[in-house]
Structures are given as structure tokens and as C-alpha cells.
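This report examines aromatic contacts and helix packing in a single model. The structure is shown first, and the analysis follows.

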Amino acid sequence: MNRILVIRHVESQANRSGVGLGHADSPPTELGLRQLEATVQALTDEPVARVLTSPLSRARLLAEGIAGSHELEVESCEGLIELDVGELEGVEWPIVRERFGEFLREWHGDDSVRAPMPGGESLLDVLERARPAFDELLHDPSDGAGVIVTHNFVVKMLVTYALDMPPRAWRRIDTGLCGITAFRVADGVPVVERLNDRHHLRNI
């Protein structure tokens, strides 16, 4: 691939409600559907050659829209699914703070990437399973752009990986819904061009 685009999914009902969201499937909101249309339109002139996606519908719907506009089929990749938040799934954050204080102390500490969600995964687990998809596009000799549609924590970990940053730098990376992070591939090395670009959503 000449370019790699990493895109976060559309807004889901759980995003709107502000509850913990990991492997659960949550349908898109009306705003999410408008985000989908705007993001697909923004990539109309991009020479997209492959589209890899998390299997969860909030990502897959966007991936199918992008792929369809370029007459492609999506490639579902389990490694791109969101962080397994375990017992925090569907829980409102005030309750998380009340019930999981010890975990939150680890989560906000210096070694947060190794702190597993209660009953779930750590960020290093996410990085380990997600980076093969990025590497596959990075080393694909085909012309065009490879697109990855995925989730908040996956985007953060892939950006640290692509830029050879320490994983603990994940907190310094913003990942808005339908934000586009674009890399050009120069001699097999990803070079960031855009980070969390959401300008295509300004009129929705």
C-alpha cells in the first residue's frame, strides 16, 4: 500500500449514553449515520484498494460504506475489535469510579498499558492482536490505500506502534468518532500526514 488510513467508527448508542463499551455491539445513532455518509464522501477520491474492519457493527457499517463506494468487499479482522472492558461493559462511569477504584489507580498510573480491565484485556493485549493488520497493509506491495476501521483504544495503540512511540504515550493521542489518521508509506515506513482529522464532519 502507498497509504494507510486508520479510522474510528461512527457514533453508537452506547457512545451517546457514556457507558463502558468494548466487545458489545451497539447500534449507530442518527448522528452516527450522518458521520458515515460524510466519511464515505470524504474518501471518494482516495484510491482505496483494501478495507479491513472490526466485526462490530459500529465499525463494519462504516467499512462497508467505504468499500462499497470503491466497489470492494470488506475484510473482517477479529484483531481489530475494541478493548475487552470485561466487567465495565455497559457500566456508567460514576459507577465505575465507585466500584473499581483499585483498577482506576492502576489505569491512571505510569504502567497503564499493562493494567487489565477487570475481567478483560490490557492495552498491550490490544496492541499485540491489532498490529498484524497494520503490518499486513504496510507490507502489501499493491498500489493504493489500505483502510482500517476500528475503535478508540485500537487506534491509539496502532498510532503509537506506527510512529515507534512507547505504548504508554497512548494518552497523548486524541481519537474522535470518524477521525481519520493517515500515513503515507515511504520505503516501508509509515509517515504520519494527518492525525484524527475530522474536518469532513464540520457540517453535519
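Y161 is partly exposed, with a relative accessible area of 27%; here buried means under 20% relative accessible area, exposed over 50% and partly exposed in between, with a 1.4 Å probe and protein chains only. The model is a predicted one, in which local features need pLDDT of at least 70, side-chain atom pairs count only at pLDDT 80 or more, and totals for chains, interfaces and linings use all residues. Residues are numbered from 1 along each chain as its sequence is written, and side-chain values use heavy atoms, with hydrogens and water left out.

Rings of Phe, Tyr and Trp (its six-membered ring) pair if their centres lie within 6.5 Å; planes under 30 degrees apart count as stacked, over 60 as edge-to-face and the rest as tilted. By this rule there are six aromatic pairs. The ring centres of F134 and Y161 are 6.3 Å apart and the planes stand at 80 degrees, so this pair is edge-to-face. Because F134 belongs to helix 6 (residues 123–138) and Y161 to helix 7 (residues 152–162), the pair ties together parts that are 27 residues apart in sequence. Helices (H or I, at least four residues) and strands (E, at least two) are DSSP runs, numbered from the N terminus.

F134 is buried, at a relative accessible area of 0%. F134 also forms an edge-to-face pair with F183, at 5.7 Å centre to centre and 85 degrees between the planes. F183 lies in strand 5 (residues 180–186) and F134 in helix 6, so this pair links parts 49 residues apart in sequence. F183 is buried as well, with 1% relative accessibility.

## Aromatic cluster and charge

One aromatic cluster is formed by F103, W107, F153 and W170. The charged end of R171 sits over the ring of W107, 5.7 Å from its centre; this term requires NZ of Lys or CZ of Arg within 6 Å of the ring centre and within 35 degrees of the ring normal.

## Packing of helices 2 and 3

The buried residues of helix 2 (residues 30–42) are G32, Q35, L36, A38, T39 and V40. These residues pack against strand 1 (3–8), helix 3 (57–69) and strand 5, where contact means heavy atoms within 4.5 Å.

In helix 3, the buried residues are R58, A59, L62, A63, I66 and A67. They cover an arc of only 155 degrees around the axis, which puts them on the same side of helix 3; the arc is that of the directions from the helix axis to the C-beta atoms. Their packing partners are strand 1, helix 2, strand 2 (48–53) and strand 4 (145–150). E71 follows helix 3 and has a positive phi, near 55 degrees.

Terms used. The expected span of a helix is 1.5 Å times one less than its number of residues.
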